[in-house]
Amino acid sequence: MFEGRWRTTGSALLRVITVWAASTLTMLLLAGILPDFHLQSDDGDSLTRTALTAAWGAGAFGLLSALVWPVLVRALLLVPALVLGLLVFFLNGSLLLIALRLIPDGRGAADPQTAVVVAAVMSAVASATSTALAVGDDNAYRRRLSRLADRRRRRSGEDGRHGGPPGTVFLQLDGVGHRTLLDAVADGVVPHIAGWLGESPAPVPRARRPDRRPERPATHRLTPWHTDWSSQTGASQLGILHGSNHDVPAFRWYEKDTGRIMVSNRPASAAELQRRAIARTGDGGLLTLDGASRGNLFSGGADQLALVLSIAARRGRANRSRAGYFAYFSDPANAVRTVVSFAADVGREIGQSTRARLRGDRPRVGRGGLYPFIRAFATVVERDVVVTAVIGDMLAGRTAVYADLVAYDEVAHHSGPHSRDAFQVLARLDRSVGLIAKAAEHAPRPYRIVLLSDHGQSPGETFEAAYGLTLRDLVRAGCGLPVPRRVRRTKSGAEARDAARHAVLGALHRPDPEGAGEEEPARGSDPVVLASGNLALISFPDVPERMSREQIDRRHPALLRTLANHPGIGFLLVRSEEHGSVVLGPDGAEVPVAALTDDGPLAAMGPGAADAVRRTDGFPHVADIMVNSMYEPATGRVHAFEEQIGSHGGLGGEQSRPFLLSPLTLSEPVPEGGRLTGAEQVHGVLRRWLREGSGPQVPLGAAGATAAAEGPEVPVPVPGTGSHTRSTVARTAEDEPGPA
């Protein structure tokens, strides 16, 4: 026992000395490069004396960072998240100036601007050195997590035993379809997930398939499920977290009774959708009992919230999702690490897009402008903040945690769902999953980790690229309206794009002008055309009720015929005065919804398509004309009506077939041979699993439901400030290649 303690102490001391030496060398190098940074007296010093001065300054800076930072960050809790992240650099520079003043004989000096640069570089070097040492010593990382868990248990008065009912962590890999996951497992892209599956089910044949036997038996089962017609995060996550996605026909839709355009990833729309779901079910959500919601569109009724869009519309202290950012930036090294990783991913995206352009890859969409920065926000900042929050939740012993990781979805939209770029991001997400699994070993209770996705993605060039005009232009031409010469492109609905914008605007206390503009009431009689991946909705705002086919034909005789016979469109849904609602297809195909089967116009869309269309047809806010793009089963291609070469939102291909990966200790999601269809059914499965581990969850009364819809008055910051955050976030970076 004593030998083990001495070995542990010696190893820790060696790491401290190594990091100190690296910081000392960095300080010496910077003193030789930067003209306004000195480590010598005015008369000059010997090399030995200068080295001792650097060692003193590096040691003082390290001690100040370790001792003073937790106090400073707690004092700055009310500072907006983004401002705090930027303020880290200036406060870090101030600590360096103090450290230089502590050097004997006043040999250290630097200008304030130079001190900021020196402190940032030294923090990055110290972090990189510590990361490199820990990567080669997993036992050191495990011991660090164990110490943090023990410290939490001592503060809470627990006995330290891993007992009691198990907690459950639901990790949503946004946009990863069932087939995509199988391909990634077969290609060795996701070793942690592959280890859970043991001998995974065989995917479609691929050229690169590793020939190796599983090292351990499977611990999880993989189950596909089928989305509703609206195969996108807003509909799926609302159904999964709140048990109802009724009246969510698409990602975007126009509501005639209010004259408002609803957009699933706008804060005001998300809050309203959550309110409606709670009112319909009378239940606060999946996470109402000791739950945490991280990086999601909706709260799920959780008390602990970070980066949750549905609470971002409220003003005041209680509405901001700064808690997750605070937990991450409470260590100055995290800010430096994030900036370095962020810059690296920006450069990675620029390089990848340049190579794709030089190769002449097709299909391809524009990846310039702000996109490299938006991608880096999803693949670096949001991922690390969410992973850190989840680890904090487990070490705090929370009963249920639901977190969304959007990195793959964002990259797949622009690079393609089966591209090398997207699979590289998926590999890094797999490392994050492995990190969370390791952290669970040190939690005060056992945890069951469930992976799931909200939808998949289907590849294909955009409708505009394939046919030279947007759907909006085609609709206007069919209505006999002038078509603008300059094409107006449809905005992408990627979650990361809006999460990044809301994070910045929230930090600056600014309203969201883009979101407000898109939700303004439509005016006039021109049709409103809204795209949601390969699903589009056409509404005529001057007609208060849902228009019938006969009304549309009288007003625009060529419109429905033009749309139904276009080669890029698979089918239409429209109400008929004579037959009720009908599905229209090419060559005059027409089937009443009441008699609709998975044959006819829906034959290519797969099993369950008829039921999905029938359900959507009953929504109060279904559009006058619902348009689903073509789908080619042989290639899996669809045509997105927005700028995406990997899309989701309608029927057709992989987008409608996400997955559920659950531990074998949980009951089967559906009986053998059964079919799991719709996000509401997935909610029922997840709720059953929570009951299996923690007892029944009690539905809220009217007052409780209202409170859950509004969220807590004061969100509690994510557990993991101070040393805890430094350790767990450092490990997040350790799992990343390169400077991350």
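**Briefing: a mixed sheet and its aromatic pairs**

Phenylalanine 170 counts as buried, because its relative accessibility is 0%. Keep in mind that this is a predicted model. Below is a quick look at the sheet, the helices lying across it and some ring pairs.

**The sheet**
- Seven strands make up an open sheet with mixed pairing, and the order runs β4-β21-β10-β3-β9-β7-β8.
- The edges belong to β4 (220–224) and β8 (304–306); each has a single partner strand, so one side of each has no neighbour in the sheet.
- From one strand to the next, the twist averages 15 degrees.
- β7 (residues 291–294) pairs with β9 (residues 400–405) in the parallel sense, over 4 bridges.
- Alanine 292 has valine 401 in β9 as its bridge partner.

**Helices across the sheet**
- Helix α8 (residues 233–242) lies across β3 (167–173), β9 and β10 (447–452), at about 175 degrees to β9.
- Helix α12 (residues 371–395) lies across β3, β7, β9 and β10, and runs at about 170 degrees to β9.

**Aromatic pairs**
- The count comes to 5 aromatic pairs.
- One of them is tilted: phenylalanine 170 with tyrosine 402, 6.1 Å centre to centre and 35 degrees between the planes.
- Phenylalanine 463 is buried at 1% relative accessibility, whereas tyrosine 467 is partly exposed at 30%.
- Ring pairs join Phe463, Tyr467 and Phe641 into a cluster.

Terms used
Residues are numbered from 1 along each chain as its sequence is written. This is a predicted model: local features need pLDDT of at least 70, side-chain atom pairs count only at pLDDT 80 or more; totals for chains, interfaces and linings use all residues. Side-chain values use heavy atoms; hydrogens and water are left out. Two strands pair if DSSP finds at least two bridges between them. Helices (H or I, at least four residues) and strands (E, at least two) are DSSP runs, numbered from the N terminus. Axes are lines fitted to C-alpha atoms, for helices over the stretch in contact, and angles run from 0 to 180 degrees between N-to-C directions. Contact means heavy atoms within 4.5 Å. Rings of Phe, Tyr and Trp (its six-membered ring) pair if their centres lie within 6.5 Å; planes under 30 degrees apart count as stacked, over 60 as edge-to-face and the rest as tilted. Buried means under 20% relative accessible area, exposed over 50%, partly exposed in between (1.4 Å probe, protein chains only).
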